[in-house]
Amino acid sequence: MDREKFYHPLSKDLICEHKNGGHFTSPYHHHDGFEIYLFLKGEANYYIEQNCYQMKRGCLFNIRPSELHRVECFNHNIYERVSISIRSPLFNTFSTKQTDLAKCFMDRPFGENNLTYLKEHQINEFLFLVHKVKNLLDSKEYGHDILAKSYLSQILVFVNNIFLEKTQAKHTNIMPPIVSKTMQFIDEHLTEPITMADIADHIHHNPTYISRCFKKVTGIPLQQYIIYKRIILAKKYLTEGYSLNETCRLSGFNDYSNFARTFKKQIGCSPKKYQEQPF
């Protein structure tokens, strides 16, 4: 994974994987699609925005496209997980007027309520559907694409039902407070000039200590994280039809040339080209 970029576009409209092992510790990043992630075995933490969770078998996460997340794996030999990634245009085709399959992803506070737990029989049901999709995606038989979408629809209904249950287990957020408070301050002042002195005054810690803790936990420098968040905000304004200059100003970049250069470095194309893409 390229550590210089935090945006990792999906290589296909639909990616369905069941893996075990492999080196997998990443800094914060986001994709151009929705993600469903099931943890099965190993020792790892999952970070989503200001939250961090120590994973156990049955942890099920849903992540919307603009949510920053990362995995910290402590044993790369034992790390079994399932991930399903769906590009936004494809994902949007599955909902109907009666059933909004984006509900569990979008009908919650940003960066919150991403986690629920599956019981063993639910894990087995989920894996059955996942393997159906995975095998059909690799198949050349007549109707394989339609059948794959059929099983994927069942997965999305299943996930929504699990997340939308009235009774949810409590989840312990193990993110160090110094890091979560720093992230919260950045979110609240994202479009303003942000200095280490401002953050230090708000959190009541030494600036050097804050920077060191932040880098250790997130895997990226604090100033880089601010850039990431501003680029995500810029993408939002671009998709909503704001002009390039308005987007630059509203997302906290006061200099357009710097904004355009940074955007292209992180996203892989200019702001204008990104805005011209179908969403």
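Is Phe110 buried, partly exposed or exposed? With a relative accessible area of 37%, Phe110 is partly exposed; buried means under 20% relative accessible area, exposed over 50%, and partly exposed in between, using a 1.4 Å probe and protein chains only.

Before going further, a word on what you're looking at: this is a predicted model, where local features need pLDDT of at least 70, side-chain atom pairs count only at pLDDT 80 or more, and totals for chains, interfaces and linings use all residues. Residues are numbered from 1 along each chain as its sequence is written, and side-chain values use heavy atoms, with hydrogens and water left out.

Back to Phe110. You'll find Phe110 in the loop between α2 (103–106) and β8 (115–117). Helices (H or I, at least four residues) and strands (E, at least two) are DSSP runs, numbered from the N terminus. Setting aside neighbours within four places in sequence, Phe110 is in contact with Glu49, Arg64, Ser66, Glu67 and Lys229, where contact means heavy atoms within 4.5 Å. Val71 is 39 residues from Phe110 along the chain, and the C-alpha atoms of the two are separated by 19 Å.

Two elements give two or more residues to the lining: α1 (88–91) and α8. The space in the largest pocket comes to about 830 Å³. How is that worked out? On a 1 Å grid over the protein atoms alone, a pocket is an open set of points where a 1.4 Å probe fits, with protein on both sides within 12 Å along at least five of seven lines, and lining residues have an atom within 4 Å of a point. Grid points are joined across faces, edges and corners, and the volume is the space filled by probe spheres set on the points.

Next, look at strand β2 (residues 33–42). Here 8 of the 10 residues are buried, so β2 is largely enclosed by the rest of the structure. Strands β2 and β7 (residues 79–87) pair in the antiparallel sense over 9 bridges; two strands pair if DSSP finds at least two bridges between them. In this pairing, Lys41 stands opposite Glu80 of β7. Strand β2 also pairs with β5 (residues 59–63), again antiparallel, over 4 bridges, and Leu38 has Leu60 of β5 as its bridge partner. In the loop between β1 (14–20) and β2 sits His29, which is buried at a relative accessible area of 5%.

Now for helix α6 (residues 196–203), where Met196, Ile199, Ala200 and Ile203 are buried. They're on the same side of α6, because they cover an arc of only 100° around the axis, taken from the directions from the helix axis to the C-beta atoms. The buried residues of α6 pack against α5 (177–188), α7 (207–218) and α8 (222–239). After α6 comes His204, with a positive phi near 65°.

Finally, the cysteines. The structure holds 0 disulfides, a disulfide being a pair of cysteine sulfur atoms within 2.5 Å. At 16% relative accessibility, Cys213 counts as buried.
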